[in-house]
Amino acid sequence: MKFTILAFLGLVFSSSIFAQSSEDLEHYSALYPDAQLVGIKHIDETDIKIGKEGIEVLERSYVEDFYLSSNSSLFADKSISYGFWTEIKSIDAYTMVPNGDKYKKKKVDDFKVKDEFTSGIFYDDRKSTNFYLPSLQKGAKSVVDYTRAVGSPYLTSSAYFGSFYPVEYMEFVVRCDEGVKITWKEFHMENVKVDFTTTVEKGRTIYKWTCSNIPRIIDEQFAPNLAYYAPHIIVYINSYEFKGENKLVLNDVGDLYRWYISMVKDVNKEDNENLRQLTDSLTLGAKSDREKVEAIFYWTQDNIKYVAVEAGLGGLIPREAAYVCEKRYGDCKDMASIITEMCKYAGVETHMTWIGSRDIPYTYEEMPAPVVDNHMIATYIDGDDIIFLDATGKRHPFGTPTAFIQGKQALIRISDDDYRLAKVPPVAAANNQRHESITMRIDDGTVMGQSKTILSGYYRGLYLDYYHYT
C-alpha cells in the first residue's frame with residue numbers, strides 16, 4: 001500500500017511537471033510580457049538539529065524558473081559558492097525542455113569545482129561548483145536544488161523575498177529541534193504580504209514564511225547594497241540544549257563579542273625585540289602619545305602592503321604583529337594587530353576594532369551576528385576624541401577614517417571582558433573638494449589653454465591611488 005501511494009504521488013508530480021508546456025508559455029507570457037524569466041517557486045530551508053557532536057545546520061535552496069526569452073541561454077551558467085564554513089552535501093539540477101505539449105527532462109551531469117578569486121583578496125579558501133543548464137530556450141523550465149552543511153552555529157541563515165525578476169511563490173522555512181532557540185529579524189518587509197505560521201511536528205518547531213506574486217526588484221545604477229532596501233529575514237541561533245547543558249550562542253552584542261574575543265585573545269602574547277626596537281626608533285622625539293600613534297600609523301600605511309590571505313580561520317584571527325612586520329604584508333586584521341602591538345611598546349593604549357563597511361546596513365544592536373561586519377581596524381581614544389586607524393587606506397591622513405566606514409558603528413575592544421560601541425563620523429563635505437579651472441584663448445585660429453585641478457580629502461586619495469597604480 002505504501003509503495004502504491006508513493007507511486008501514485010510520483011505519477012501526479014511528474015504529470016504536473018511534464019504536461020502543458022505550450023499552455024505554460026502562453027500563461028507566463030501574458031502575465032509577464034516584459035520579463036525574460038519568471039520564478040515559479042523559490043524555497044529556502046534551514047534545518048537545525050542537535051546531533052551527537054553538538055549543533056548541526058543544513059541549508060537547502062530550491063529554485064524553479066520559467067524562461068520567456070529567445071536569449072534564455074544567457075542564464076545557463078550557474079555557480080554555487082562554499083568555503084571553510086560550508087560544505088555542499090548534494091546538488092540536483094536539470095532543464096525541462098519543451099517537447100510538443102510536454103516537457104523532456106535533461107539533467108546536469110557535469111559539475112566542475114574551482115577556486116574562487118574575490119576582488120581585493122589575494123587568496124581565500126572559497127570554492128564554487130559550476131555547471132551549465134542544458135538546452136535553455138524560450139518555454140523551458142529549470143530546477144536547481146542543493147543542500148549545504150553549515151559548520152558553525154554563529155553563522156546566520158537568511159532569505160530575500162524578491163529577485164531581479166518576478167517570482168510567483170517564495171517560501172522560507174526554519175525547522176528546529178526541541179531545545180533550540182532562535183531569533184529572526186525582518187527588514188523592509190512592510191511592502192510585501194507575507195504569511196507566517198508556527199507549527200510543532202514530532203517535537204520539532206517549524207517556522208514558515210510564504211509570499212506570492214512578488215514583483216521584480218529594480219536594480220538601479222549607484223543604488224546601495226540590496227540589504228538596504230530589499231525585503232529579507234535573517235535568522236540566528238540564541239542557544240541550544242546539549243547533554244543537559246544550555247549552550248549560549250548569539251543573544252546580544254556581548255555574546256558576539258565573546259566569540260570574537262575567543263579568536264583574538266591569544267594573539268601577540270609574546271614580546272618581539274625587533275618590533276620593539278623599530279617602535280622606539282619611530283617614536284623617538286615624539287612629544288605626546290598622539291604623535292606616537294600618528295608615527296606608527298603612517299609607518300604601517302607606508303610599509304605594510306595590503307595582501308589578504310583568508311584561508312580557514314584566517315578570515316577571523318589576526319596574524320602576529322612580529323610576523324606582519326617581518327613579511328611586510330597583511331590584511332585589515334593584520335594591520336590592526338601590528339598597530340595595536342607597536343602602540344603597546346610605545347606605552348600607548350589602542351584597541352582592536354570590528355566594523356562593517358557601508359555595504360552592510362545593520363547596527364550591532366539590531367543584528368548581533370557576524371553578518372554585521374566585514375572589516376577590522378585599530379582605535380585610539382584620546383579623551384573625548386576617538387581616532388579610527390584604518391591603514392588599508394594608503395593615502396588618507398591620520399585622523400580621517402577611510403571612506404567606506406563613514407557613518408558605521410564600530411565594536412571597540414577595551415578588554416577581554418569589556419567593549420565599547422562608537423559611530424564613525426562622516427567627514428565634512430568641506431574637507432573633500434575638487435576645484436577645476438580652465439583658461440583658453442584663440443591665437444591665429446589655434447585654441448590654446450591651461451587647466452588646473454586642486455583636490456582635497458577623498459578626491460585627493462582617489463587620484464593618488466589611480467596615479468600610483470598607473
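Reader: In which strand is S157 found?

Author: This is a predicted model, in which local features need pLDDT of at least 70, side-chain atom pairs count only at pLDDT 80 or more, and totals for chains, interfaces and linings use all residues. Residues are numbered from 1 along each chain as its sequence is written, and side-chain values use heavy atoms, with hydrogens and water left out. A strand is a DSSP run of E of at least two residues, numbered from the N terminus (helices are runs of H or I of at least four). S157 is found in β10, residues 157-160.

Reader: Is S157 buried or exposed?

Author: Buried means under 20% relative accessible area, exposed over 50%, and partly exposed in between, with a 1.4 Å probe and protein chains only. S157 has a relative accessible area of 7%, so it is buried.

Reader: Which side chains make polar contacts with the side chain of S157?

Author: A polar contact is a pair of N or O atoms within 3.5 Å; within protein, one must be able to donate a hydrogen and the other to accept it, and residues adjacent in sequence count only if both atoms are side-chain atoms. For S157 there is a contact of 3.2 Å with the side chain of T46, and another of 2.7 Å with the side chain of E59.

Reader: How many cavities of 30 Å³ or more does a search of the whole structure find?

Author: On a 1 Å grid over the protein atoms alone, a cavity is a set of points where a 1.4 Å probe fits but cannot get out; lining residues have an atom within 4 Å of a point. Points are joined across faces, edges and corners, and a volume is the space filled by probe spheres set on them. The search finds three, and the largest cavity has a volume of about 60 Å³. Its lining includes S157, T46 and E59. β1 (37-50), β2 (55-67) and β15 (232-242) each give two or more residues to that lining.

Reader: In what order do β3, β8 and β6 form their sheet?

Author: Two strands pair if DSSP finds at least two bridges between them. The open sheet runs β3-β8-β6, with antiparallel pairing. β3 (77-82) and β6 (112-115) are at the edges with a single partner strand each, so one side of each has no neighbour in the sheet. β6 pairs with β8 (residues 127-132) over four bridges, and D115 stands opposite K127 in β8.

Definitions and conventions:
On a 1 Å grid over the protein atoms alone, a cavity is a set of points where a 1.4 Å probe fits but cannot get out, and a pocket is an open set with protein on both sides within 12 Å along at least five of seven lines; lining residues have an atom within 4 Å of a point.
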